[in-house]
Protein chains: 2
Amino acid sequence: MSAIADVARLAGVAKATASRALSGRGYVSEATRLRVVAAAREIGYVASPNAASLVTGRTKNVGVIIPFISRWFFSEVLESLEQALLAEGYDMTLYNLPAASAERDSVFEYFLARKRFDGVISVGVALSEAEVDRLHRLGRPLIGIGGPIRDVHTIAIDDVATARLATEHLLGLGHVDVVHVGGDPIDEMDFRVHSQRLSGFYSAMRDAGRSTDRCFYPCEFSMPGGYEVGLSVLGDPRTRPTAIFAASDEIAIGVIVAARELGIQVPAELSVIGIDGHPYADMFRLTTLEQHPRRQGRLAVSALLTELARPTDADARLEEDGYLTVLPTNLVIRSSTSGPHRPRS
Amino acid sequence: MSAIADVARLAGVAKATASRALSGRGYVSEATRLRVVAAAREIGYVASPNAASLVTGRTKNVGVIIPFISRWFFSEVLESLEQALLAEGYDMTLYNLPAASAERDSVFEYFLARKRFDGVISVGVALSEAEVDRLHRLGRPLIGIGGPIRDVHTIAIDDVATARLATEHLLGLGHVDVVHVGGDPIDEMDFRVHSQRLSGFYSAMRDAGRSTDRCFYPCEFSMPGGYEVGLSVLGDPRTRPTAIFAASDEIAIGVIVAARELGIQVPAELSVIGIDGHPYADMFRLTTLEQHPRRQGRLAVSALLTELARPTDADARLEEDGYLTVLPTNLVIRSSTSGPHRPRS
DNA sequence: TTTTCTGCTGGAACCGGTTCCAGTAACAGC
DNA sequence: GCTGTTACTGGAACCGGTTCCAGCAGAAAA
């Protein structure tokens, strides 16, 4: 293919001058710049990023590690990351990390270890201490979404506070039998989301003077998961709660579908609230606390760019590293929640 | 960082020997190989893929262009692509291409034009002639999923035949008023999927001697899209069909949700069939034709690797290029379809 | 014994850019 | 007039690998 030497020859200048003309760094007279650009266009020259990054150390490439692609939150984040990075001229290399496995190790030991990235964005991955260390040792900026990760600037919502808000919404409507359906805290894959939302729920209940006995039902973090638990929790009319706080909109929708199948009126007989702001929420008239994954993605990219722009002054970095950007969630009230129509006992 | 020269020095050999020892190409005695490997491990040497690809021309990186990330089919394909590529030691660089736009042009003109990829996989993107040309001019293997793309090996299901199968299933059950709810063929973004499924539906109807008047309702290709159209199509009891073939499982589920809200029994009063094999299908007892996106992804990767392994003999390539791998779909019957319980007229 | 082959190694060129440094010309200030 | 600065350009080194080529043993073939 055509290299910059060909461009230089055609334009009648030295390689160095051609490089300056095309990259825009250093002195080049306007006349020669135009000549070089014309020559480049004429032979269809495209720069080799490999060669450039070999000497500059910059790759214009960002690595993204993410545990799921198909789940709503993650795919939204991913889309926004890709858009934001592309707009800044960065490529995005994607690593879909499942739970601890040989592949996972190979990503950390082999793929991430090579000097291919200017920075890394970690989305909602529960990282082991060793993995965090390894990432830090890369010496490249690292931004987290949904953290926190040790010594890493992380973008996240406050899961505890959000869960508390959701619970308080139900309690404020006058519900007594409030139940939480969410991910199992034992399943560490989902970061601390499960346990944090659970603890937000518990603390809101305790603050309201409610018992926290037998009011948490773990389920798979998906619509079928919510559906299944919904069927069993709502199955017995005598023990049926009047309100359910679901850890995600998908779970909430699964619960609503189960309720409808059982002939339970929502919200007359059962109030349901979720967290997410899922596009299906409107269709199921689901009251929810919206988090905004795309905004989180955009913020992560701009945080990364800020770190990249910062001159590599190791001391300043260590000092300022490890802070947290907490994003607000907002309550969107639809008609899946109301006061308890037929309060029992 | 440590370079291969450091390894060579430590092992007491030349750079060339160290390179051979670590890459496994060319003659190296077992004794020196071990010494080099030990030295590399000692100083934590990791090869720079940039430097290597600069001279070999191989980047061990594959570009993937895809129009959506959050839609089920696409996210499944993406996950399987990532896994398969990773297993083969390839990085995956992701481009999420929306409809025609400036960003889209920049991907083709700037990002893809650089020599960063060994190959490109295009997933369900409707490419313009100019874009196909540009990809071909890269001189790198190109594999499509959900094509066909001109002169490109493509993995796909037969959308026409699959739609025909779905329609025939409903007709075979004795349904007379069969309706198709699917994507608008005018919306070109989704490749030819919309129009192909529609034409498969039409041809099955015609073959069965049915009229094709007013039996297609375009909708957004999503669950809310199906829900909305479902409400309006099913709203009037006098014109209500007894069976609906939805172009995707998400649309089908939207229709089912609408039917349930309207108090219409499925399948007693309404049969619904979809296409996909979506994980929600089971929960809604949806009869569907499963396509297997993960298998499509895996096949695309192995096809790409085959092309990469092939010695670059331009003639042989041109000759063999442009064939199609058609994957079967399989009918999974659940309880959203049955014979018409109360046939009208 | 001489020649050929095989296994192994090192030196050097090379991939395609960027950047440092030296050098020149023009122009300002003294 | 001389010196200092500024704008611009070219030569060469360099990034970190891979690969070609030559050289050199020792073993096998003639």
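Contact, as used in these legends, means heavy atoms within 4.5 Å. This is a predicted model, in which local features need pLDDT of at least 70 and side-chain atom pairs count only at pLDDT 80 or more, while totals for chains, interfaces and linings use all residues. Residues are numbered from 1 along each chain as its sequence is written, chains are lettered from A and ligands numbered from 1 in the order in which they are written, and side-chain values use heavy atoms, with hydrogens and water left out.

View 1. Helices (H or I, at least four residues) and strands (E, at least two) are DSSP runs, numbered from the N terminus. Leaving aside neighbours within four places in sequence, B:Asp91 is in contact with A:Thr93, A:Tyr95, A:Phe111, A:Arg114 and A:Arg116 of chain A, and with B:Lys60, B:Asn61 and B:Val62 of its own chain. B:Asp91 has a relative accessible area of 1% and is therefore buried, where buried means under 20% relative accessible area, exposed over 50%, and partly exposed in between (1.4 Å probe, protein chains only). Its side chain makes a polar contact with the side chain of A:Arg116 at 2.5 Å and another with the side chain of A:Arg114 at 2.8 Å. A polar contact is a pair of N or O atoms within 3.5 Å; within protein, one must be able to donate a hydrogen and the other to accept it, and residues adjacent in sequence count only if both atoms are side-chain atoms.

**View 2. The salt bridge between B:Asp91 and A:Arg114**. A salt bridge is a side-chain nitrogen of Lys or Arg within 4 Å of a carboxyl oxygen of Asp or Glu, and in this pair the N to O distance is 2.8 Å. B:Asp91 lies in strand S2 (residues 91-96) of chain B and A:Arg114 in the loop between H6 and strand S3 (119-123) of chain A, so the pair joins two chains. Both B:Asp91 and A:Arg114 are buried.

**View 3. The interface between chain A and chain B**. In this interface, 50 residues of chain A are in contact with 50 residues of chain B, and the two chains bury about 4700 Å² between them, 57% of it on carbon and sulfur atoms. Buried area is the accessible area (1.4 Å probe) that two parts lose on being put together, summed over both. Between chain A and chain B there are eight salt bridges, and the count of residue pairs in polar contact, both at pLDDT 80 or more, is 27. On the side of chain A that touches chain B, the elements giving two or more residues are helix H4 (49-56), helix H5 (72-87), strand S2 (91-96), helix H6 (102-111), helix H10 (223-235) and helix H11 (249-261). The largest share of that side, seven residues, comes from H5(A).

**View 4. The salt bridge between A:Glu261 and B:Arg285**. The closest N and O atoms of A:Glu261 and B:Arg285 are 2.9 Å apart, and the pair crosses between chains, from helix H11 of chain A to the loop between strand S9 (271-276) and strand S10 (287-290) of chain B. A:Glu261 is partly exposed, with a relative accessible area of 30%, and B:Arg285 is also partly exposed, at 31%. Elsewhere, salt bridges that share partners join A:Glu76, A:Glu79 and A:Arg294 into one network.

**View 5. Helix H8 (residues 159-172) of chain A**. This helix has 14 residues and reaches 19 Å from its first C-alpha to its last, close to the 20 Å expected at 1.5 Å a residue, the expected span being 1.5 Å times one less than the number of residues. At the N-terminal end, A:Asp158 caps H8(A), with a side-chain oxygen 3.2 Å from the backbone nitrogen of A:Val160. The buried residues of the helix include A:Ala163, A:Ala166 and A:Leu170. Just after H8(A), A:Gly174 takes a positive phi of about 105°.

**View 6. The salt bridge between A:Arg164 and A:Asp207**. The side chains of A:Arg164 and A:Asp207 meet at 3.0 Å, N to O, and the pair links distant parts of the chain, A:Arg164 in helix H8 and A:Asp207 in helix H9 (residues 193-207), 43 residues apart. A:Arg164 is partly exposed, with a relative accessible area of 23%, whereas A:Asp207 is exposed, with a relative accessible area of 58%.
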